[in-house]
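Dear colleague,

Please find the structure for your first reading below. My findings follow it.

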Amino acid sequence: MSYLSTRGGSVVTASQAILRGLAAGGGLYVPAVYPQVDLPWIADLAGLPYTARAVRVLSLYLEDYSPREIEGAVAAAYSPDRFDDPAIAPLRQLDDSTWMLELFHGPTLAFKDMALQLLPHLIRMAAEKNGEHREISILVATSGDTGKAALEGFRDVAGTSCTVFYPRDGVSDIQKLQMVTTGGSNTRVIAVEGNFDDAQTGVKALFSSPDFAERMNARGRVLSSANSINFGRLVPQVVYYFSAYADLVSRGDIVCGAPVNFVVPTGNFGDILAGYYAARMGLPVQKLICASNRNNVLTDFFAKGTYSVHRPFYKTASPSMDILVSSNLERLLFDAADRDGELVALWMQQLKECGSYSVGEQRWSRLVEQFSAGFANDRETFAQIAQMHRRTGVVPDTHTAVAARVLDNYRAETGDLTPAVIVSTASPYKFCADVTASLVGRDRVRDLDAFACAEELSRISGTPVPAQVAALRSLPVRHTAVTARDPAAMADAVLA
Ligand SMILES: *Cc1c(COP(=O)(O)O)cnc(C)c1O
C-alpha cells in the first residue's frame, strides 16, 4: 500500500510516511486506497483479544512491516504492565442503547496512549527500514494529553528524543504536573507563552523550515512528529472502532452487520477521523457524531460547509478540545475534494491567508451523510457529569461528558435511537477539579488541591485514585523552560 499527500504528489511507503510525519509542502499522508473488509472478517474479530484485533487491522495498512514486526510492536505496546485493564479498551454498557468505549486505561490516563504506546516502535522500525541513522527528534505540540503520552512512549527509547511544547496556561494542573515531572534522559518539556494553536503553528513552522532541518542535521538529528498529523498516530486508533463493534457482536448486543453510531469528543479531528477510516473500510458505522466544546468551529463547519477561524478562542473545562485549527480535518477534505490535492492545497492556503474556506454545497452534503455535529458549553458539561453519575453510576471526564451531552441532543433532535458508543477519552481523575465540582458543587472544592479533589472523587465514585495520579505528589519537577510563541524562539529552545 502506498501513501499520498493530501496536497498532491508524493508516493511513499507506510514506514516512510511514519518516519517523515508531514509530507513536503505541508500535506498529510493518507493511504492510496482504503483496505476493504467484509462482515465475516469483522465477525472473526469477536473471538479475539485486543492485541490480535490490532494485528489484523494494522496489517492492512502497514504493508512494509512484516507480520512478526507488527506482532512484536503490538505486544510491547498493549502489555498488561502498561494498561490497567486486561481488555485494553473495555466497552461498558450504560443503558439499552448506549455504551462507553474506555480508552483511558494506559499509562497517562488518556486515549492518546492507544497510539503513542505503539508509535515509538513503528518509528524505530521505520528508521531501520529506511537506513536512517540520525537521532529521531520528536517535536510535539500538545493541548495537554498528547504531550505526556508522547513523553511516556518515547522516554529512553534508543535513537530518539522527545521535546514537548504546551500552552503555559492552557492545561489542567494534573496534566501539567504529569509533563513537568517526566523522567528519562531524552525528554524535554517547554511551556509556550500562548495557546495550543500558537504551539501547533510554531511546531508546524519548524517542520516546514529547511533552515531548521539543516541546523538539526548538523547536530546529527532528523525531525519527526508524534502529533496526530503523523499517520502512525492515526492507524492504531482505527483498531478500537473495530474492537468496540466486535465486543457488541460477541456479547450478542447487536448482530454483525447492524449499524452503530459513534460520538467522539473532538479537537484536532484525529480520533473521529480514525472512525471514518473504519467506516470507509467497511465497518457498519451509520453516523459519526462530532462533539465539540464552546470552541465549536467544527460544529459550524458541518452545519454550513464553511470553516472559519474568525471567532474568539475560549479556555474551557475540556482543554484537550480547545482548538480552532483542526489539522486532521485535512484528511477528510481530501476525500471531500475527490482526492484532488490541488483543491485541498487551495483551501488550506485560503485558511492561512483569509482564515476561512468553503467546500461548496455539493461536497458538504456528501460529508453530512456520514457526519453529524454538535457542541456543549461548560455549564452543560458539568450538568451532564452529575446526571450521568445519578443515572448510571459512571463518572465521565469533562471531554467524555461533552460527547454524552451531544449524543443526548442528537437523539432528541433526530429521534435516531441506533445503538451508540460514546468514545471516552480520559479518566475523570485527569480533570478531577472540574469533575468533582460538578458532583459536589464548586464551594466544596474551592480550597482543595488536585490531590484532595482526587480523594473526594474516589470517595464519591467508589473507584480508586489511579497510581499515576497519586505518584505525582512526590515526584520532583524536572522541566521549567518557557519560550515565547514565535517559531524562531521555539527553534532556539529546541536547539539550546
Ligand atoms: C486529544 C483529546 C481529545 C481530542 O481528540 P482529537 O483526536 O484531537 O480530536 C479529546 N479528549 C481528550 C481527553 C483528549 O486528550
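Predicted model: local features only at pLDDT ≥ 70, side-chain atom pairs only at ≥ 80, totals over all residues.

Residues are numbered from 1 along each chain as its sequence is written, and side-chain values use heavy atoms, leaving out hydrogens and water.

Overall form

The protein chain contains 23 helices and 15 strands; these are DSSP runs numbered from the N terminus, helices being H or I with at least four residues and strands being E with at least two. The C-alpha trace spans about 60 × 50 × 50 Å along its principal axes. Of the 496 residues, 60% are buried (buried means under 20% relative accessible area, exposed over 50%, and partly exposed in between, with a 1.4 Å probe and protein chains only). Among contacts (heavy atoms within 4.5 Å) with a separation of 6 or more, 75% join residues 24 or more positions apart.

The nonpolar cores

A nonpolar core is a set of buried Ala, Val, Leu, Ile, Met, Phe, Trp, Tyr and Cys residues joined through side-chain atoms within 4.5 Å. The largest one has 115 residues, and those touching the most other members include Leu-62, Phe-242 and Tyr-357. Helix H11 (residues 231–250) gives the most to this core, namely 13 residues. Beyond its neighbours within four places in sequence, Leu-62 is in contact with Ala-14, Ile-18, Ile-70, Leu-122 and Val-235. A second, separate core has 22 residues, among them Leu-22, Leu-28, Val-203 and Val-494.

An enclosed helix

Helix H7 (residues 145–154) is largely enclosed by the rest of the structure, because 10 of its 10 residues are buried. Just after H7, Asp-156 takes a positive phi of about 60°.

A loop residue

Pro-312 lies in the loop between strand S11 (306–308) and helix H14 (329–336). Pro-312 counts as partly exposed because its relative accessibility is 47%. Leaving aside neighbours within four places in sequence, Pro-312 is in contact with Asn-295 and Leu-324.

Yours sincerely
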